[in-house]
Amino acid sequence: MKTLIMTLSVAIFFISCSKVDGANPSQNKVLNSVAGKEEKTKSGYMQQALDNWIEKDWTPTVEKDETIKKKNKDEARDFTLQEYVDKIKLYTSEQNSTSSESHSQKMKSLPVVGK
């Protein structure tokens with residue numbers, strides 16, 4: 001008799017827990033906002049700053065190179081990390097036109113920190 005009562009109470013517990021409103025992620029607005037199920041209509045400041053930097057600084061600088069332009073035209077190709085490293089190398093060489101403007105060179109020139 002005790003096992004029957006225990007089995008029924010456990011079964012009732014699981015049945016009652018499964019019918020709690022909002023437990024389904026598709027109906028729970030808070031969980032959807034964390035899980036990214038619904039698109040946000042307005043992006044935050046950091047995302048806007050990153051989008052502006054990519055659009056106005058990164059892309060024009062990187063698109064100057066003809067080999068990168070050719071690779072970007074072929075959308076069926078697989079992306080490799082080496083392509084990204086090549087873009088970083090090109091971008092940093094364009095941004096630091098002289099080695100005296102380099103942050104590492106400035107740090108090395110400091111009396112206590114540098115050499």
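## Glu83 in helix H5

Glu83 is buried, at 10% relative accessible area. Buried means under 20%, exposed over 50%, and partly exposed in between, with a 1.4 Å probe and protein chains only. The residue sits in helix H5. Beyond neighbours within four places in sequence, Glu83 contacts Lys71, Arg77 and Asp78; contact means heavy atoms within 4.5 Å.

This is a predicted model: local features need pLDDT of at least 70, side-chain atom pairs count only at pLDDT 80 or more, and totals for chains, interfaces and linings use all residues. Residues are numbered from 1 along each chain as its sequence is written, and side-chain values use heavy atoms, leaving out hydrogens and water.

Glu83, Lys87, Leu90 and Tyr91 are buried in H5. They cover an arc of only 100° around the axis, so they lie on the same side of H5. The arc is taken from the directions from the helix axis to the C-beta atoms. The buried residues of H5 pack against helix H3 (45-62) and H4. The face turned away from the buried side carries exposed Leu81 and Lys89.

Phe79 lies in the loop between helix H4 (66-73) and helix H5 (81-95). Helices are DSSP runs (H or I, at least four residues), numbered from the N terminus. Phe79 counts as exposed because its relative accessibility is 54%.

Phe79, Leu81, Tyr84 and Ile88 form a nonpolar surface patch, with about 430 Å² of accessible area together. Areas come from the Shrake-Rupley method with a 1.4 Å probe; for residues, only the protein chains shown count as cover. Patch residues have over 30% relative accessible area and no salt bridge, and nonpolar side chains (Val, Leu, Ile, Met, Phe, Trp, Tyr) are joined within 5 Å, like charges within 9 Å. A salt bridge is a side-chain nitrogen of Lys or Arg within 4 Å of a carboxyl oxygen of Asp or Glu.

Conventions:
Helices (H or I, at least four residues) and strands (E, at least two) are DSSP runs, numbered from the N terminus.
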